[in-house]
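Biologist: Can you walk me through this one? I would like to start with the sheet.
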Amino acid sequence: MAKVKSKWICQECGYETAGYLGKCPECGSWGSLVEEVQFDSKMPNAAANEFVNTEKPTLLKDITIGKEVRISTNISEFDRILGGGFVQGSLTLLAGDPGIGKSTITLQTCGELCKSGKKVLYVSAEESASQLKLRAERLGINSDNLYIYPQTNMENIKSQIEELSPEFVIVDSIQAIYSNNVASSAGSVSQIRECTNILMHIAKSKNITTIVIGHVTKDGNIAGPKVLEHMVDTVIYFEGDKYKSYRMLRSMKNRFGNTSEVGIFDMQADGLHEIKNPNELFMNERSQLATPGSAIIVTNEGTRPLMVEIQALVGTTSYASPRRVTNGVDLSRLHQILAVLEKRVGLDLSKQDVYVNVMGGIDVDEPSADLGIALAIATCARDVVVDPQTVIIGEIGLSGEIHPVNNIDRRLNEAVAAGFKKAIIPDANKISNDIKNIEIVKVKRIIDAITSCVSAG
């Protein structure tokens, strides 16, 4: 008879210990360790032996690649973040907040794949078949190649995959699936690891493209062990502002393409609609009146340049210590920019509250936004306006110098297409002769940029 034993596993990071601990020593989470029963048996694991790879090493030059390496989803924004479409036999993890639209975008993708003649199996672990049918009718999806399978048992799912031999498998969601090989309940670290491992072996051995939907924690991280992200080929986050209708698909890991790519959609009653020119979306939210504290930057999201508005508000503080508040910008980055403005420009902000906001709800992490943030703060403090036909690009060093940025030609072309007439860029950046219809002003120091782009307000 198998010997029963237990161990305590952190549900946040997967750390294991023999006894209970109030605080996980690995990730520092409190009350996250849960007892899970383990069966110690000397019998071989049949499920593990089933996926043993008996192939021998092959020379790289002798490996042949099939004609259809990538499969397009027929959704250009989704194909963008995937690097051109799904790779056959790949395992993709799609994560996001509850109600953000994960199931909607996946079901729409299923409908497009079925139109291309692909056989798709949709495993629903959280909704019944009738509930999925209602959503499919709302999205206008009706295909003979789409199979719906409400199931939570991994062994049953595996048998149906073998019976149907689909080209695509969608599992919604991995936190609701459980395997008989693990004694713990669905959603535990052990169950998520085991079920994902089985799906990975199925995808690789049978060349079936698999999409796994996952939940996120309150901190915005994927629920379950961190090893889950290492097991899959692609990790995609579905983000969005609950007060706005648009959504963003962001590639955080991609073994077959660029990372940090972004696809933008608009959530409507009949599903998600692609936004092929996101700059129109962000520029439409810009105030038509030129006001102090506003600057337009061109940030890079993967291979796509995005034009967003940076707004700053500077005012006399009523607190003992002035407030520094950011939305869409890293707070430590703001502190560094403020220190440079005080030391290198002589702008005294020690008794001023400073608020910085990125319009549109997008997060800007790229250093090329430094100069735009600095100019927005400086113009608000001095009550002058940045020329509304000017875009600002540049990274600020601690000595007040402006460092060059990458993809400068692509950024400038995007600014020209949007109708901007002037660009403030680092002096060290070299631009091609093809950039026309825009005035280029190169600056070496932050004080030069402030002088070049402001007009009397």
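Modeller: A term first: two strands pair if DSSP finds at least two bridges between them. This is a predicted model.

Biologist: How many bridges are there between strand 16 and strand 18, and in which sense do they pair?
Modeller: Strand 16, residues 304–316, and strand 18, residues 352–358, pair over 7 bridges in the antiparallel sense. Within strand 18, Val-358 is the bridge partner of Ile-310.

Biologist: What holds paired strands together in general?
Modeller: Strands of a sheet pair through backbone hydrogen bonds.

Biologist: In what order do the strands of the open sheet come?
Modeller: There are 7 strands, in the order 17-18-16-15-20-23-24, with mixed pairing. Strand 17 (324–327) and strand 24 (439–443) are the edge strands, and each pairs on one side only. On average, neighbouring strands are turned by 25° against each other, direction ignored.

Biologist: Now helices. Which strands does helix 9 lie across?
Modeller: Helix 9, residues 331–345, lies across strand 17 and strand 18, and runs at about 125° to strand 17. Helix 10, residues 370–382, also packs on the sheet, and the strands it touches include strand 15 and strand 23. The direction of helix 10 makes about 30° with that of strand 16.

Biologist: What about the largest nonpolar core: which residues touch the most other members?
Modeller: That core has 44 residues, and those touching the most other members include Leu-341, Val-356 and Ile-373. Helix 10 gives the largest share, 8 residues.

Biologist: Leaving aside neighbours within four places in sequence, what is Ile-373 in contact with?
Modeller: Its contacts are Ile-310, Val-329, Leu-334, Ile-337 and Val-356. There is also a second, separate core of 30 residues, with Ile-170 and Leu-249 among them.

Terms used:
Residues are numbered from 1 along each chain as its sequence is written. This is a predicted model: local features need pLDDT of at least 70, side-chain atom pairs count only at pLDDT 80 or more; totals for chains, interfaces and linings use all residues. Side-chain values use heavy atoms; hydrogens and water are left out. Helices (H or I, at least four residues) and strands (E, at least two) are DSSP runs, numbered from the N terminus. Axes are lines fitted to C-alpha atoms, for helices over the stretch in contact, and angles run from 0 to 180 degrees between N-to-C directions. Contact means heavy atoms within 4.5 Å. A nonpolar core is a set of buried Ala, Val, Leu, Ile, Met, Phe, Trp, Tyr and Cys residues joined through side-chain atoms within 4.5 Å. Buried means under 20% relative accessible area, exposed over 50%, partly exposed in between (1.4 Å probe, protein chains only).
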